[in-house]
Amino acid sequence: MSSPDPTQRRLGFLFLGGAKRLTMARCLTRAAAAHGYRADIMSYELTAEEPIAAIGRVATGLRWSDPAVETDIVELMHRNDLTVLLPFVDGATVVAADIAASHPDIYCPCSSPSLTRDLFDKVSSAKLFELNGLDIPHTFRSGMEPVFPLIAKPRFGSASAGIRILRDRTDLDTLPSPADYLIQEYISGADEYTVDCFVDSHGRPTALSGRRRALTLGGEVVRTVTVDIPALTEASRLAATRLGLRGAFTLQYLHSNGRFLLMEINPRLGGGATASVSAGADIASMIVEEATGMVVAERRAVAGAVTTRCFQDVTFLPGNQVINI
């Protein structure tokens with residue numbers, strides 16, 4: 001490993017739940033170096049033996065639901081002179097937004113705490129999307145006559161966990177606690193698209209990078225292809241503007257019968273956002289630029305770039321030695 005460049009200033013990042021985000025850590029490291037900074041990366045996790053230790057440091061901490069978690073994170077950042085906060089899992093988004101709103105010395109590319117809370121709740125999200133005139137799948141509510149099949153998503157779920165397909169009245173009637181689910185029309189065979197976005201603090205979209213989800217595994221994309229579809233880009237621009245989104249976030253769409261239907265918004269960097277970064281929509285550089293007070297440059301991804309993802313092994317030997325295989 002080469003020695004740090006003594007002429008570079010240090011820029012400290014704290015990932016929240018970024019245990020597996022090695023590629024994004026490398027993207028941020030390169031972006032920081034290109035702007036004259038040396039990246040120092042730490043990730044806040046429940047256990048120390050996490051893959052990100054192959055690149056940065058791991059700090060063990062509390063669960064996102066713990067009342068003391070925000071204080072613990074802020075104290076950790078101040079002790080280690082970390083100024084950039086990046087959530088990578090849904091449960092950390094509200095924590096990060098609250099910290100950013102109350103600690104101006106900490107930069108987090110995120111939306112307001114109230115909007116982030118709405119987006120964390122799929123039922124509240126659907127209501128918000130409808131209120132703002134955004135095109136979404138038909139949503140079933142109590143008292144309506146159901147048209148099957150339907151899809152039921154846990155309102156606070158993530159990574160496709162707990163999703164159920166309701167094919168008839170029996171499936172609907174036996175659904176435990178229907179109020180705990182977002183229930184919508186089930187659209188089979190539709191193409192899925194993600195749009196990786198960055199909107200600067202002035203409300204200017206500097207990245208709206210669409211990609212088709214060609215293959216997923218466990219709720220995460222493992223093969224994705226960048227696209228240039230004006231209707232998808234404009235739908236994303238409309239959503240970002242009407243909702244007042246800020247920072248880094250991902251939009252998830254279904255494409256059916258010529259319509260792009262907004263499924264959900266994750267107010268954080270998506271797992272596959274590195275595909276957009278490597279194709280030219282360099283959100284990593286946008287984060288570095290805004291965090292360091294520079295003007296964020298708009299960047300576009302080239303269409304047709306295919307990104308595939310694979311496993312990487314990291315071994316922890318006794319004595320805290322990390323082996324990056």
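Pro-149 sits in the loop between H5 and strand E5 (150–154). The peptide bond leading from Phe-148 into Pro-149 is cis, with omega near 0°. Helices (H or I, at least four residues) and strands (E, at least two) are DSSP runs, numbered from the N terminus.

A word on what you are looking at: this is a predicted model, in which local features need pLDDT of at least 70 and side-chain atom pairs count only at pLDDT 80 or more, while totals for chains, interfaces and linings use all residues. Residues are numbered from 1 along each chain as its sequence is written, and side-chain values use heavy atoms, with hydrogens and water left out.

Another backbone detail concerns Asp-81, which has a positive phi of about 55° although it is not a glycine. Look for Asp-81 in the loop between helix H2 (69–79) and E4.

## The parallel sheet

Contact means heavy atoms within 4.5 Å. Strand E1 (residues 9–16) pairs with E4 in the parallel sense over four bridges, and Leu-16 has Pro-87 of E4 as its bridge partner.

## The antiparallel sheet

Six strands form an open sheet with antiparallel pairing, in the order E12-E11-E8-E9-E10-E13. E12 and strand E13 (306–308) are the edge strands, each pairing on one side only. Here the twist averages 30° from one strand to the next.

Strand E10 (residues 220–227) and E13 are joined in the antiparallel sense over three bridges. Thr-224 has Thr-307 of E13 as its bridge partner.

## H3 against H4

Helix H3 (residues 90–102) packs with helix H4 (residues 113–120) at an angle of about 175°, and their axes are 9 Å apart.

On the H3 side, the contact includes Asp-90, Thr-93 and Val-94, and on the H4 side Pro-113 and Phe-120 are among the residues. By class, this contact has five nonpolar, three polar and three charged residues. Ala, Val, Leu, Ile, Met, Phe, Trp, Tyr, Cys and Pro count as nonpolar, Asp, Glu, Lys and Arg as charged, and the others, Gly among them, as polar.

## Two cavities

The whole structure holds two cavities of 30 Å³ or more. On a 1 Å grid over the protein atoms alone, a cavity is a set of points where a 1.4 Å probe fits but cannot get out, and lining residues have an atom within 4 Å of a point. Points are joined across faces, edges and corners, and a volume is the space filled by probe spheres set on them.

The largest cavity has about 100 Å³ of space. Its lining includes Asp-90, Thr-93 and Phe-120, and E12 gives the largest share, three residues. The second largest cavity has about 40 Å³, and its lining divides into six nonpolar, no polar and one charged residue. Among these lining residues are Leu-86, Pro-87 and Arg-268.

Methods: Axes are lines fitted to C-alpha atoms, for helices over the stretch in contact, and angles run from 0 to 180 degrees between N-to-C directions. On a 1 Å grid over the protein atoms alone, a cavity is a set of points where a 1.4 Å probe fits but cannot get out, and a pocket is an open set with protein on both sides within 12 Å along at least five of seven lines; lining residues have an atom within 4 Å of a point. Two strands pair if DSSP finds at least two bridges between them.
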